[in-house]
Structures are given as C-alpha cells and as structure tokens.
Amino acid sequence: MIRCSLVLIVIACISTAASFAFAEDNAVEGGTIRGQVLEYGKTQSPVEGVIIKIISANGKEWTVKTDTNGEYKFANLPAGNYTLKYLQEGFQNKGRGNQSVSVVNGEDQIVELKTVNWLNRVKGTVEYGILPLLDHVSGNLAKHYGLDETTVNALQQSIHESVETAIKQRNNLSDFLVRWDDDSLDVFEELLLRQDIKTAFTKHLTETQLKDFTNIPRHQEKEANAHYSTASLDQELSLTADQHQKIVQLRLNSEANEAWLTVLTETQKKILQLTDEENTKASIKRQIYRTQNHIVTCGVDDKIAAARLEEQKKKAEMLESHERTKQLAEAILASHTEQLGTLNEKASQQLNLIAKIVAQKYLEAEKVMTLYRETEANLINAVEAKEITPELADERLKNLSRKLWNEKDANKQSGDTPDNIGFFSFHFFTRFTQIAAHRRALINGIVGGKRGFSREIYMTTELNYPTYDITYHPLYQQTLKDVLSEKEYAQYTALQSERENFRQQALRDLAVANLDTLLLLNDMQRKQLKMTAAKLTVTSLSWNAPRDMFDKLITQIDDGVLSRWQRDYLYLYLSLIDEI
C-alpha cells in the first residue's frame with residue numbers, strides 16, 4: 001500500500017514536471033502571423049505566389065510565399081513588433097507598402113492583404129498585346145528580309161514558347177507590364193532586352209538584322225524631329241533657307257546640343273535670351289501660385305512657405321518688365337526684316353519705326369488678354385465656391401470676349417489706316433479667341449470638383465508670351481509692301497512661301513515618323529503614307545499643329561493600308577492619349 005502510494009506520487013511529480021515543461025515550451029514558441037492575400041475587385045480571388053516578408057525590430061527576416069489558396073503563415077515567432085512587406089513573385093516594386101504587426105505569445109495575428117493580381121494582368125497583356133505585336137514584327141521582318149513561310153512560322157513558335165515559359169516560371173514578369181500609350185517600337189525594344197525573347201529572334205535572324213530593322217524608323221524619327229524643331233525655331237527667329245539646312249545638319253550630326261547656336265545672327269540670339277527670361281518669369285509665377293496654395297493648405301503660420309513666397313515675388317518683380325517684353329517683340333520683327341538683306345536708309349528707318357509701334361500694340365493686346373484671364377479665373381473661383389453656376393460664368397466670359405472683339409472691330413471700321421494706328425487685328429487675336437473659346441468649353445467639365453481645377457492652368461498659358469505671329473501684323477506687312485520694290489516684294493513673298501513649305505513638310509514628316517514608331521510600318525506602308533501626307537496641309541502656326549497633321553493623316557489612310565493589328569493598336573493609343 002505504501003509502495004503504491006509512492007509510485008503514484010512519483011507519477012504525479014513527473015506529470016507536473018511535464019506540464020511545466022510544456023507550458024515553458026509554449027512560451028518559447030511565441031505567436032503566429034497568418035492570413036490570406038486576395039485580389040481587389042468583386043471576386044476577391046486568392047492570389048498565389050505573393051512573397052510575404054516580415055522583419056523583426058532587430059532586423060531578422062522571415063520570408064514565405066502564398067499557396068494556391070493565397071494563404072501564408074509565420075509560426076513560432078518571438079513576441080514583439082514586426083514590419084510586414086509583400087510583393088508578387090516575378091515582379092519588381094509591385095507591393096502595397098509596409099504594415100506593422102505586433103506578435104503576442106501564444107496568439108495568432110491574422111493579417112489579410114489585398115493586391116492586384118499582376119500575373120493575371122500579364123497573361124492578358126501577353127495574349128492581347130505582346131504576342132500580336134511580336135507576330136506583327138515577325139511579319140514585317142519576313143517582308144523586309146525575304147524570309148520564307150516556314151522560317152516565319154518557326155520564329156513565331158519560338159517567340160510564343162519563350163513567353164509561355166517565362167510566365168510559367170514567373171521569370172522577370174515585370175518586363176511584360178509595358179505602357180500601351182507608348183510607341184510600339186519602344187515596347188518592342190524593351191521586350192528585346194529580355195534574353196529569352198532576343199534568343200527566340202536570333203535563332204532565325206542575326207543581331208545586325210534586328211538592329212537594322214529598328215534603325216529605319218529610329219533614323220526617320222530623328223530626322224523628323226530635327227526638321228520640326230528647326231521649323232519651330234523658324235517661327236520664332238525667321239531663319240533663312242541656308243540656316244534651315246545648317247541647323248538641321250548640326251542637330252543630326254553634332255553631339256553638342258548647342259552647336260546650332262553658332263549659325264544664328266546676334267538679333268536671333270537676343271530673341272532666345274529674351275524669350276528665356278519671359279519663360280523664367282512665367283515659371284516663377286507658377287511657383288508663386290503653388291506656394292500660395294501651400295500656405296492656404298498648411299495655414300498662415302507656415303513661415304517657411306511664406307518666406308519662400310516673398311523670395312519668389314522679388315524674383316518676379318526683377319523680371320517683370322514691359323520694356324523687356326517690348327524689346328522681344330521688336331527683336332522678332334527685326335530678325336524678320338533682316339531676311340530682306342540690305343535696304344536703303346529710308347526703308348530701314350520706316351521699318352524700324354513701324355516695328356516699335358507694332359511692339360507697343362502688342363503690349364496693349366497683352367493687357368486685354370490679361371484682363372480676360374483674370375476675369376476668367378475669378379469667375380471659375382466663384383463657380384467652385386458655388387456663388388454662380390457654370391452656365392452663368394460661361395455666358396459672362398462669352399460677353400467679355402464679344403465686347404473685346406466688338407471694340408476691336410469698331411476701331412478697325414472707324415477708318416483706321418496704316419497712318420492712323422488703331423487697335424489692329426492680327427493673328428495673335430485669332431489664336432487668343434480660339435484658345436479662349438476652348439477654355440470656356442472646359443469650365444463645365446473641370447470646375448465643381450470633377451477634375452480638380454487648377455487656377456494656374458488658366459492664368460499661365462502660351463498666351464503669356466509674345467506671339468511669333470506678330471510678323472503678320474497688318475501694319476508691318478503693309479509697310480513692307482510700301483518700302484520694297486515690286487521685285488523685292490515678290491522675292492519676300494517667295495521666301496515666306498518657302499518658309500511655310502518647310503514648316504508643312506516638317507509636320508508631314510513628323511506625322512509619318514510618329515505613325516511609324518507607333519505602328520511599325522513595313523516598307524510599302526511607309527511609302528504610301530508619305531505619298532498621302534504630301535497632299536496635306538494644316539495651320540502651321542497653330543500651337544497644336546503636330547497633332548492636327550497627325551489626326552488629318554490618319555483620317556486619310558485607306559482601310560486596306562493598315563493591318564487589323566495596326567488599326568486596333570491605333571484606336572487604343574488614341575483613346576488613351578485623348579483620355580490623358
């Protein structure tokens with residue numbers, strides 16, 4: 001009996017010791033972080049292959065991947081604070097940031113995460129975008145290098161297999177997340193950076209052939225940009241035909257971006273200097289606006305922002321010079337006059353005098369536009385404050401624009417002649433009214449919190465700068481006609497026609513080059529589009545002339561010229577940039 005009692009006591013002691021040991025083990029094991037990763041959206045499907053990483057306060061890291069159910073788990077974690085990070089396997093920088101989690105001994109911390117299923121997005125992009133693009137390239141390569149059908153089929157099969165393998169192995173899937181508002185050539189060159197895709201192509205083509213194939217549209221793009229940038233300079237500086245040619249060549253051949261400046265006259269260099277000051281002034285005004293907004297947002301006690309605002313205002317005051325603006329307008333006219341060559345003293349004096357008068361008229365026009373912009377901004381602020389309706393603001397702006405134009409027309413009809421300078425109409429006002437009408441049309445769509453109206457957009461536009469159309473001022477043009485002989489004026493007219501032809505051709509080349517890099521044209525398509533573009537003209541002095549020419553060209557393309565893929569891609573591209 002005694003022996004039995006001793007045995008029971010021993011067993012009880014062992015059991016108690018085991019219980020203490022088990023409890024101690026539980027304390028050492030700590031807690032658990034677990035959860036599930038779900039896709040954003042209605043279905044909230046589990047996302048497999050998400051890499052979950054936790055980091056302890058002392059820097060120790062643990063990493064797991066979500067399973068087919070999107071679940072993950074970290075067990076036996078010491079108690080403490082952890083930082084949780086996550087991203088998807090095969091993707092770079094696709095996480096949703098950091099999250100702090102506290103672990104308590106013996107407890108589970110359930111952390112559910114939501115993310116975009118990038119793998120599904122890649123599969124869709126590959127199926128509907130990348131593979132059709134690569135198939136299109138294969139077809140162009142076949143035509144360009146005379147590949148037979150068997151080789152093309154083998155090439156396309158190699159490409160498809162390499163892409164499918166990459167997705168299956170989740171190999172650098174970030175490379176497939178291309179921007180579809182980019183040019184197809186950019187996308188193709190980016191895809192070629194993947195070794196697997198490049199290898200698929202070089203099984204059937206040499207690297208030199210691939211490079212030569214992409215160099216054709218790139219070279220055309222470079223030439224078009226050189227011509228268009230020179231045409232843009234011509235609007236500002238009134239370049240001669242010889243300057244056109246030299247500047248284009250320097251921009252094509254020289255590594256030094258400023259080499260073309262050596263071709264300019266001193267007057268043309270002065271225009272660039274004064275224009276740069278005008279742009280700086282406008283930039284400072286934008287900074288002042290942003291700083292003012294910052295003060296309003298952060299409170300009037302924000303001393304740093306207030307000090308910055310005062311600094312910017314001082315800079316603006318230093319640059320705020322009507323005399324400099326007038327000098328710029330005079331320099332633009334002087335450069336235009338220099339195209340005429342040597343003039344007699346009387347003609348030179350008369351043109352110099354008229355240039356000063358026209359420059360003064362420009363300043364008067366600028367005041368009118370400033371009045372319009374300020375009134376417009378005040379009305380829009382009133383709309384945002386719900387003090388008036390957008391419809392009433394629109395009507396008041398129309399009335400103001402109508403009043404300004406009626407006053408101008410009345411002055412013109414009152415018998416103004418080149419000797420009796422009134423409030424002359426010139427192209428600058430045409431552009432002003434076009435943009436004013438466009439901006440009025442935006443009121444209903446932008447204000448009222450729909451897009452987040454920015455007063456800066458309305459107060460700082462291309463209308464803030466002296467217009468290059470100033471050379472079309474009727475007084476200046478009439479004076480040219482008066483002081484030049486019939487032969488000299490005919491030469492001048494021919495020169496202006498040549499300048500306009502240069503601008504139109506630059507716009508045509510740019511439109512074709514843009515379509516080429518966008519749609520990867522083959523040799524025949526490139527030739528047909530150049531022939532189509534040769535018949536087109538747009539208002540070359542318009543601020544939106546490149547888009548106008550591009551839009552006009554695509555409306556003139558015959559249905560049979562582009563492939564199905566090219567038409568679909570063009571539609572997608574236009575819808576994206578119009579939305580932007």
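This is a predicted model: local features need pLDDT of at least 70, side-chain atom pairs count only at pLDDT 80 or more; totals for chains, interfaces and linings use all residues.
**Notebook: a helix pair and a buried arginine**

I started with the meeting of two helices: L119, V122, K123, V126, L131, L134, D135, S138 and A142 in α2 touch V152, L155, Q156, I159, H160, V163 and I167 in α3. I sorted the residues of this contact by type and got 11 nonpolar, 3 polar and 2 charged.

Next I looked up how the pair is arranged. Helix α2 covers residues 118-145 and helix α3 covers residues 149-169. Their axes come within 10 Å and cross at roughly 160 degrees. Angles over 145 degrees count as roughly antiparallel, so that is what α2 is to α3. I also checked the hand of the crossing of α2 and α3, and it is right-handed.

Is R499 buried or exposed? Its relative accessibility is 6%, and buried means under 20%, so R499 counts as buried. What does R499 touch, leaving out residues up to four places away in sequence? I found D234, Q235, S238, L239, H244, H336 and Q339.

Last, I stepped back to the whole chain. I have 19 helices and 8 strands on my list for the protein chain. Of its 580 residues, 42% are buried. Among contacts with a separation of 6 or more, 71% join residues 24 or more positions apart. For the accessible surface I noted about 31600 Å², with 50% of that belonging to carbon and sulfur atoms.

Technical notes:
Residues are numbered from 1 along each chain as its sequence is written. Side-chain values use heavy atoms; hydrogens and water are left out. Helices (H or I, at least four residues) and strands (E, at least two) are DSSP runs, numbered from the N terminus. Buried means under 20% relative accessible area, exposed over 50%, partly exposed in between (1.4 Å probe, protein chains only). Contact means heavy atoms within 4.5 Å. Accessible areas come from the Shrake-Rupley method with a 1.4 Å probe; for residues, only the protein chains shown count as cover. Axes are lines fitted to C-alpha atoms, for helices over the stretch in contact, and angles run from 0 to 180 degrees between N-to-C directions. Angles under 35 degrees count as roughly parallel, over 145 as roughly antiparallel, 65 to 115 as roughly perpendicular and the rest as oblique. A crossing is left-handed if the near helix is turned anticlockwise from the far one by less than a right angle, and right-handed if clockwise. Ala, Val, Leu, Ile, Met, Phe, Trp, Tyr, Cys and Pro count as nonpolar, Asp, Glu, Lys and Arg as charged, and the others, Gly among them, as polar.
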